[in-house]
Structure formats: structure tokens, C-alpha cells
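Please look through the structure shown here before reading on.

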Amino acid sequence: MTEQAQKIKTEAISAIEAACDENALEEARVKFLGKKSPLNALAAGMKDLSPEEKPKLGAALNEARQSITTALEARKQSLQDAADSASVENLDITMPARELPQGSLHPLTIVKDRAIQILRRLGFALAEGPEIETEFHCFDALNTPADHPARNDSDTFYFDSGKLLRTHTSSVQIRTMEKQDPPIKIIAPGSAYRRDEIDATHLSVFNQLEGLYVNKDVRLSDLKGTLEYFYRAMFGDKTEVRFRPHFFPFTEPSFEIDVKLQVKGEEPKWIEVAGCGMVDPAVFGSINESRGDNAFDPATTTGYAFGMGLDRLAMIQYGIKDIRLLIENDTRFLSQFS
Ligand code: DAH
């Protein structure tokens, strides 16, 4: 009877190997492993065997079932593989793929990211504040008198509530000092808004990057060194930087910064790129009043601040002649940067 089991196994394996599709294979499985299989019939005769014969037949039956199962699995896999290769047979893998449009960073983003990267190396942390501001944060706390022209309805977007769209990122100086104690070393990139006549160099929304460092013993030479480092990292080691005395209500002394640069296709010339100065003690006074403490004691607290136009930097960097290109979303323009 063990020989019979052997025979059935051989027969089953050749049937399985001959199965040319899944249906034929399933038929073979039912025939050789199903309830009415010849192996089961053999097993039914087991009860008539001698005690020595029984385990021999048992082992032969197990071995036969195992081999048949393995052969079924192997055949199933090879039928699947054949079907897989058939399904890609006529596929032309040398055909060029359909190109997906690849976006690129906006020139303003590229310049902003570089500026942040350079200033972070110098220990500045990122800060932010709201674009819809109070007059206090945008003007009063920055020592800007009520009759200052920047506060006019014709220059600034006011809401009926009396709030306004911030006219500069300097308001973030106030927001930061209200909630943090010195030392403070932050930069705040962000949008600012003015009621400007729109032309090649003005938009009513533009982008600035504010800087503020407050500590004991901060000196003008620290401010100078920091900004010279910044502009040389931005525009090249040999870049000349000039500090021209100016007036801002919230710094004393104050300066405008010019950088000598060669815009593509032009003679090198001095270009104004930022405002800066030493924080006016009156600003620390407003902060203390608003906080209700003396954390920014004007007798011992010193600081510098700066604010630069990021659109300006991008225009210089890439020789962009018209600021409106930065907001028109024309891909013929935008795809030139990466
Ligand atoms: N807020 C000024 C502006 O928008 C720029 C500025 C000047 C910022 C001097 C400063 C500063 O922090 O110290 O024109």
C-alpha cells in the first residue's frame, strides 16, 4: 500500500505540472487532496492493516500529501509569474515618461531663506507678530509721534476698529519685548503694507526682515560688524557697506545702509538696502510701561535694530527691474529661479 501511495503521488505531481491554468490546477488539487482523493481511499483501508504496517502507510500518506502540496504551490507561483510577464510583454519600456511639471522656489523665498540662514549662524532666533496691528505696537511704542506722516490715513491701511495693517515689521520688536526678557536676539521676516502708488518699485504689500538685539553693553560697532558680515555673506566678500546717518523715531543714532553693488548690466553703484540704529531708550520706556515692570531698564539696557526690504534684495540679486513681477505668478518669470 505504501507503493500505491508513491504511485498516486507521482501521478498527482505530473497532473499538477501539466496544469496550464488556475482552473486546471484547482481541479488537480480537488482530485488529489480533496475528500474523495485516492490518498483518502487508501487511508480508509488503514484499519485493516497490521500494527507494523500502519505507521509505514501513515508516513507514506503524509509524505505524499506534503509533496503534492509543495508541487501545487510551486505551480501556482510559476503560473502567476508567467501571467505577470505576459501582461507586460507589449510594454515599451524605452518610451519616454510623461514629464510632470516641477515647481521651483519663488525668488523672494530663495533670498529670504538665505538671509535667515546667514543670520541664524549669528545666533538670531525667528520671531513673528500679527500683520493686523494696533497703533500702539506699530507706532506709539516705537516712539513715533501722533503727527508723524507714516500715521496718515493716506499712507496706512486703517480698519474701522482703529487697527491697521502693519506698515513695517518693527512692530515685532515690541511684540517680542513685551513677552521676553533680555537678552533678546531675534529676526522677524514678514509682510508689511502701505498705501503706496503702485509702480515698478512700489507695491502696497511688500516684505521686510526686522532684526533686534537687546542686552547689556550692545554697541554701535556690534551693529556695524553684524550687518557688514551679513551683506558680505549675501553679496560677496568684497562688498562695500556704508552707514549713512538718518532719522528713525525708534533708534538713536539711526542710519541708512547702502551697499555698493553691480546690478546685472549696470555700473557699480550705492544702493540703499536697510535702516538701522541703536534702540532709543524711549522704546524701552514704553515696553516697561506696557509690561508694568522695569525689565528693560533704560539705564542699563542697550540694543540695536535693523530692518531691510526683502523684495529689494531679491531684485538686486536677480536684476529684476519691476517689483510687480514678484506678485504676478507668471510661470515664464518664476521658472527662471531655482
Ligand atoms: N521700519 C523701518 C522702515 O520700514 C526700517 C527700520 C529702520 C527698521 C531702522 C529698524 C531700524 O529696525 O532700526 O522703513
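**Salt bridges and surface patches**

D322 and R324 form a salt bridge in which the closest N and O atoms are 2.9 Å apart, and R324 is partly exposed at 30% relative accessibility. The model is a predicted one, and the count of salt bridges in it comes to 14.

Salt bridges
- R244 pairs with E256 in a salt bridge whose closest N and O atoms are 3.1 Å apart; because R244 lies in strand β6 (residues 240-248) and E256 in strand β7 (residues 251-261), the pair ties together parts that are 12 residues apart in sequence.
- R244 counts as partly exposed at 28% relative accessibility, whereas E256 counts as buried at 11%.
- Through shared partners, salt bridges join R242, R244, E256 and D258 into one network.
- R29 forms a salt bridge with E26, with the closest N and O atoms 2.9 Å apart, and the two residues, 3 residues apart in helix α2 (residues 22-33), are separated by about one helical turn.

Surface patches
- D155, D196, E197 and D199 form a negative surface patch, and D196 is placed in the loop between β4 (184-193) and β5 (205-215).
- V88, L91 and I93 form a nonpolar patch on the surface, with about 340 Å² of accessible area together, and I93 counts as exposed at 76% relative accessibility.

A buried loop residue
- T144, found in the loop between α6 (135-138) and β3 (164-165), counts as buried at 5% relative accessibility.
- Leaving aside residues up to four places away in sequence, T144 touches F139, R151, P249 and F250.

Terms used:
Residues are numbered from 1 along each chain as its sequence is written. This is a predicted model: local features need pLDDT of at least 70, side-chain atom pairs count only at pLDDT 80 or more; totals for chains, interfaces and linings use all residues. Side-chain values use heavy atoms; hydrogens and water are left out. Patches are made of residues with over 30% relative accessible area and no salt bridge: like charges are joined within 9 Å, nonpolar side chains (Val, Leu, Ile, Met, Phe, Trp, Tyr) within 5 Å. Accessible areas come from the Shrake-Rupley method with a 1.4 Å probe; for residues, only the protein chains shown count as cover. A salt bridge is a side-chain nitrogen of Lys or Arg within 4 Å of a carboxyl oxygen of Asp or Glu. Lys and Arg count as positive and Asp and Glu as negative; His and the chain ends are not counted. The place of a charge is taken as NZ of Lys, CZ of Arg, CG of Asp or CD of Glu. Helices (H or I, at least four residues) and strands (E, at least two) are DSSP runs, numbered from the N terminus. Buried means under 20% relative accessible area, exposed over 50%, partly exposed in between (1.4 Å probe, protein chains only). Contact means heavy atoms within 4.5 Å.
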